[in-house]
Amino acid sequence: MEAHAMEHGHGAPKGITRWLTTTNHKDIGTMYLWFAGAMFLFAGLMAMGIRAELFQPGMQIMSPEFFNQLTTLHGLIMVFGAIMPAMAGFANWQIPLMIGAPDMAFPRMNNWSFWILPAAAILLVLSMFVPGGAVATGWTLYPPLYIQGGISYDLTIFAVHILGASSIMASLNIITTILNMRAPGMTMMKMPLFVWTWLITAFLLIAVMPVLAGAVTMLLTDRNFGTHFFDAAGGGDPVLFQHVFWFFGHPEVYILILPAFGLVSTVIPTFARKPLFGYSSMVYATASIAILSFLVWAHHMFTVGMPTAGQLYFMYATMLIAVPTGVKVFNWVATMWKGSLTFETPMLFAIGFVSMFTIGGFTGLVLAMAPIDIQMQDTYYVVAHFHYVLVSGALFAIYAGVYYWLPKWTGHMYNETLGKWHFWLSMISFNVLFFPQHFLGMAGMPRRIPDYALQFTEFNQISSIGGFMFGASQILMLIVIVQAIRGGKKAEAKVWEGAQGLEWTVASPPPYHTFETAPEVK
Amino acid sequence: MGHRRPLPVVLATLLAGLAFPALADYQLNFPPPKTGLAQQIYDLNVLVMWICVGIFIVVFGAMFYAIWKHRKSVGHKAEQFHESTTVEIIWTTIPFLILVGMAWPATKLIIEQKDTSNPDVTVKITGYQWKWEYDYLQDGVKFMSVLSTPRDQIENKAAKGANYLLEVDEPMVVPVGKKVRMLFTANDVIHAWWVPALGIKQDAIPGFIRDAWFTANEVGTYRGQCAELCGKDHGFMPIVVEVKSEADYKAWLEAKKAKAVAAAADAGKVFGKDELMARGATVYNANCASCHMPNGAGIPGAFPAITGSKIATGAKEGHIAMALNGKPGTAMPAFGPQLNDADIAAVVTYQRNGLGNSTGDLVQPADVKALRK
């Protein structure tokens, strides 16, 4: 820190070593975001393959094994390679800027937590080219199917270990930064809501990533060292894995969505020109969602045959989550109420988020009802549900955040017309893609099948057409970003009329080092 | 059915009927329920859905009103109000009460779903990669149920039939109006037995027994699929349940028993080569071809070839033992418990003298019997 203070005002080093050795939160944030973008396009291409095969009944362009590999890698990469690193990118860029800190608390660990990610990505991609192909069990990795697989299954376990280590390091960094490096005067209850949501997310990550690591390590020893954790013939239980996995997996879905709540809670007040309606209740709602997330895992397992008491408990606990989630939605709407609204691209994506995420929330409530879930479990209804919360939820929030801060990061205004095209095309094609899948699931189409009975043809075709449109629309985002990096109208320090917060007090783009002297917060 | 349909159900049916008069393929809801459980699930889902639609309209009506009226472009000035404990309490309490209202009928239904006591018929259902076995414990009838859609239809070389991928060689048969209890387990990986019209989905877990029940209230054929990803042919292990009248069910049981007696007689027979090869081809296509491929070439890296393999061209005892006991830790199951001696003799003969192999030796049921543990 002292060294930096003395060379005040120096810019970024040049060349590749800048990126390899950087300890600068802005550089690391940028790398996280590019990595997430690349992984998003890669896993998106896999989704295009899935929708192409499902365009018609019959096997057309791939084998069933390869189809299963695509669904698995699509899920794993989107969760661990796209959404989580994108959120980590926002955390790196924005948390120091929003709390008035000069950088993250552990800059060198920050470099490391990013640079081990490509190693994990390489292991996952490599696993497609080993004998037998990639993991084909779905991203949930259930044994005993997982035990049957080839060498790629071990590669995937190592990839998951590395991804987990990266997340834990990033979380330690974020927690330490937030708790210790806030500008004078910024009390906890004055922190921007995005910072709050990330603080809570980081605690969730530290709590559950070791659980996932334990679960996959048990898979590894079952596969290679003769243990029988999940093998009934050796005294184990295949369902044990599901309990451990979902004890990680349910908090994990909130890890993906809580920072998204933070992003949307930042964007909506800006374009409503009105403070967030219930700041403290939003903080409490976030915390209660996080706590509840540890108590509801087995609602992913309503068909494994739990006792009546188990079905009842997990149903009640899961239904409770609707309360704090409802509080959030009501607060966003109340924030917009009697504001002075404008609809730049970030706001469009935020409104898209609120309305579409809520549909995902409602279907989540339907799925929480254990007796109904008996019919819905493992069908396309579930696929539609979690894409409503993860695509029109997490992804739309990421888009809102990217458009919101892109002028700040690049120093240039992005192309608003293209941005709006991107929103409207995404919004429409997303619904064409996923809405019919609710009907498919109820009509009886299981998920993760490469071929289907004839009565599912029409909705699958509609869904595939929406899928190709959605995929193509995302290229617009890439164009907008590249344009904004290369030039465009100069952005002011305070890009948006209604924007609040410390990040708007520094220039756009911000100097390489910011807040070397802590700002005062009143 | 005797179950009163709530108003929303009637409305939904009416709406769906208006929107899609002749397009049955744009089905918007569950298939018509054929058991009391499925009917209750259907009704509960419709109820919850309409509650959600109602909330959606109120909340997003407010949001879109704001979007319309409180725009900057129409000159609306932002009011700076925020924080109201009263409002927060109201919108915490009302959803909670709605949830309690929804949980009440759901609780009753869960308790009913879990009550598998006093069944009239008990069937043990075992999931295999990728077929189902039905074992009528009281009657000693046991058989495999395999996808019967021809491969040509899947590979788009032939026109697809009406029940494409939802048809099997031997359906499960149950009597109408009787409580059927099913015991589920699996032989290899986790499967899930799902028939939407019956309202049953239950995972079949290797090494454990789970149960579920239904009482079908209408004679008919109901179709479903495996719902838990279980390997490459997960999409190709359908379930067909035929609900028959009591008399038809009894007749079916008797025919099944007679067939089993005939099959037992095969065990002592000595077959000619043509007989073994013909029967072996049938057994091969039903049990082996999905991994080892119809031509025996396997899938490199995943499933070994039969053609030219050390086992299929080596000593026949090793080959029979592989078929009987499988290879632990791989996808190769033990077929000993699934197939009778004559079937295994036939399929081993077929693999040794077809699919590009020509060892010239025949395997008889007695050879298989000798190697059974």
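Predicted model: local features only at pLDDT ≥ 70, side-chain atom pairs only at ≥ 80, totals over all residues.
Buried area is the accessible area that two parts lose on being put together, summed over both.

Take the domains of chain B to begin with. Chain B is divided into domain 1 (36-71 + 85-113), domain 2 (121-255) and domain 3 (267-371). Between domain 1 of chain B and domain 2 of chain B, about 420 Å² is buried, and carbon and sulfur atoms give 52% of that area. The C-alpha centres of these two domains of chain B are 36 Å apart. Where they touch, six residues of domain 1 of chain B are in contact with seven residues of domain 2 of chain B. The search counts zero salt bridges between domain 1 and domain 2 of chain B, and two residue pairs in polar contact, both residues being at pLDDT 80 or more. On the side of domain 1 of chain B that touches domain 2 of chain B, H2 and H3 of chain B each supply at least two residues. H2(B) gives the most to that side, with four residues.

The next topic is the boundary between the chains. Chain B and chain A bury about 8200 Å² between them, and 68% of this is on carbon and sulfur atoms. In chain B, the residues that lose the most area to chain A are B:Trp91, B:Lys201 and B:Leu229, which together make up 8% of what that side buries. In terms of contacts, 92 residues of chain B meet 101 residues of chain A.

On the side of chain B that touches chain A, the elements that give two or more residues are helix H2 (36-69), helix H3 (85-113), strand S7 (200-204) and strand S9 (220-226) of chain B. H3(B) gives the most to this side, with 15 residues. The count of salt bridges between chain B and chain A is one. A:Glu497 and B:Lys72 form a salt bridge, with their closest N and O atoms 2.9 Å apart.

Salt bridges occur elsewhere too: over all chains, the whole structure has 19. One of them joins B:Glu218 and B:Lys34, at 3.1 Å from N to O. B:Glu218 lies in the loop between strand S8 (210-215) and S9 of chain B, while B:Lys34 lies in the loop between helix H1 (7-19) and H2 of chain B, so the pair ties together parts that are 184 residues apart in sequence. B:Glu218 is partly exposed, with a relative accessible area of 36%, whereas B:Lys34 is buried, with a relative accessible area of 15%. Another salt bridge links B:Lys157 and B:Glu155, at 2.9 Å from N to O. Here B:Lys157 is exposed at 62% relative accessible area, and B:Glu155 is partly exposed at 33%. Salt bridges that share partners also join A:Arg273, A:Glu497 and B:Lys72 into one network.

In chain A, a salt bridge connects A:Asp27 with A:Arg18, their closest N and O atoms being 2.6 Å apart. A:Asp27 counts as buried because its relative accessibility is 3%, and buried means under 20%. A:His25 is found in helix H3 (residues 25-53) of chain A. A:His25 is also buried, at 0% relative accessibility. The side chain of A:His25 makes a polar contact with that of A:Lys26, at 3.2 Å. Leaving out residues up to four places away in sequence, A:His25 touches several residues, including A:Asn92, A:Trp93, A:Pro96, A:Asp103 and A:Thr514.

Apart from neighbours within four places in sequence, the contacts of A:Trp332 include A:Phe261, A:Ile268, A:Met282 and A:Phe353.

Note on methods:
Residues numbered from 1 in each chain as written. Chains lettered and ligands numbered in written order. Heavy atoms only, no water. Contact = heavy atoms within 4.5 Å. Buried area = accessible area lost by both parts, 1.4 Å probe. Salt bridge = Lys/Arg side-chain N within 4 Å of Asp/Glu carboxyl O. Buried < 20%, exposed > 50% of the residue type's maximum accessible area, 1.4 Å probe, protein only. Polar contact = N/O pair within 3.5 Å; in protein donor to acceptor, adjacent residues only side chain to side chain. Domains from an automatic or database assignment.
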